[in-house]
Amino acid sequence: MASIKQNDFVQGQVRNSLRCIDSSENSSGESQLQKFIQGATPDQGRPRTCPGAIQDGDFWQVEFDLTGANPRNSKTQHCADSGFCANDAFQFHMTAQRPGPYNFPYNPDTMNRYTQDGTPGGKDLLQCSVTVHRQLDTFFNIAVFDNMGTQKGTAALSAFSTAGPPVRVKGLPADLLFNRAGAFEADGGGTIFRYNSTFGLVWFGDAKGTSRDFQPGGEYCSVIGSGTTQQPVQDLKCYFPCPAA
């Protein structure tokens, strides 16, 4: 990022690459940027060279001072040259601008469209889902759904051990793999999902994030039932990013 002066978005051009980062770092960066724009003294105690709040049309140059930075530090690992530049699937960019607000569930007709950096053909990054119906440890039914909620594939099995191969569910642009990671738990723990699109995506059934759009506690998956002897049935539903076909 060399300058915060940008022209209007033009479809077909990569204006910015965005990156998923830790929520605490995102909040800290937002606070520092607000102070910078308002002309307040930043947290580091280094004021701007020009006083006053920034006005429409103003722009500034950005330089990074990484003197003495440890590339393994969580706050600098993406800035320092670590010698490893492989795409880890957490970087993306906008491909089309839409007027509507961005919310849940995702609607590509009214919301901005995005694609993962490096995706062949720049295919849209959509929102697919998977459901798992479990009865104790003796019956499993897994189904995958596309961005419109249409079921695209299913798989069923009876016995399922951690030593066995993962269940492969076809129907989406890439196969979804479902595996057992340990003892099944009431919060969805013990399950692991892999969606091998252009870049690997892995999550556990009890994983949590910061979004409250789908689940109030930020869970990736909704869980109904415990799958225990007292309540033998458990249903999971998880949303995940997937490229368009």
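This is a predicted model: local features need pLDDT of at least 70, side-chain atom pairs count only at pLDDT 80 or more; totals for chains, interfaces and linings use all residues.
Biologist: What makes up the secondary structure of the protein chain?

Modeller: The chain has 1 helix and 12 strands. From the N terminus the order of elements is β-α-β-β-β-β-β-β-β-β-β-β-β.

Biologist: Why is R180 called buried?

Modeller: R180 has a relative accessibility of 17%. Buried means under 20%, so R180 counts as buried. The residue is found in strand 8.

Biologist: How do you know that the side chain of R180 makes a polar contact with the side chain of D137?

Modeller: The distance given for this contact is 3.4 Å. The cut-off for a pair of N or O atoms is within 3.5 Å, and one atom must be able to donate a hydrogen and the other to accept it. The pair of R180 and D137 is therefore listed as a polar contact. A polar atom of the R180 side chain also lies 3.0 Å from the backbone oxygen of G182.

Biologist: Which residues does R180 touch, leaving aside those up to four places away in sequence?

Modeller: R180 touches D137, F160, S161, T162, G190 and I192.

Biologist: Why are strand 4 and strand 5 called paired?

Modeller: Residues 125-135 form strand 4 and residues 139-145 form strand 5, with 7 bridges between them in the antiparallel sense. Pairing needs at least two bridges, so strand 4 and strand 5 count as paired. Within this pair, V130 stands opposite V144 of strand 5.

Biologist: Which residues have the most contacts inside the largest nonpolar core?

Modeller: That core has 28 residues, and those with the most contacts inside it are V130, I142, L176, F178, F193, W203 and F240. Strands that each supply at least two of its residues include strand 4, strand 5, strand 8 (176-180) and strand 12 (233-243).

Biologist: What does F240 touch, not counting residues up to four places away in sequence?

Modeller: F240 touches L126, Q127, C128, S129, V130, L172, L176, Y195, L201 and W203.

Key. Residues are numbered from 1 along each chain as its sequence is written. Side-chain values use heavy atoms; hydrogens and water are left out. Helices (H or I, at least four residues) and strands (E, at least two) are DSSP runs, numbered from the N terminus. A nonpolar core is a set of buried Ala, Val, Leu, Ile, Met, Phe, Trp, Tyr and Cys residues joined through side-chain atoms within 4.5 Å. Buried means under 20% relative accessible area, exposed over 50%, partly exposed in between (1.4 Å probe, protein chains only). Contact means heavy atoms within 4.5 Å.
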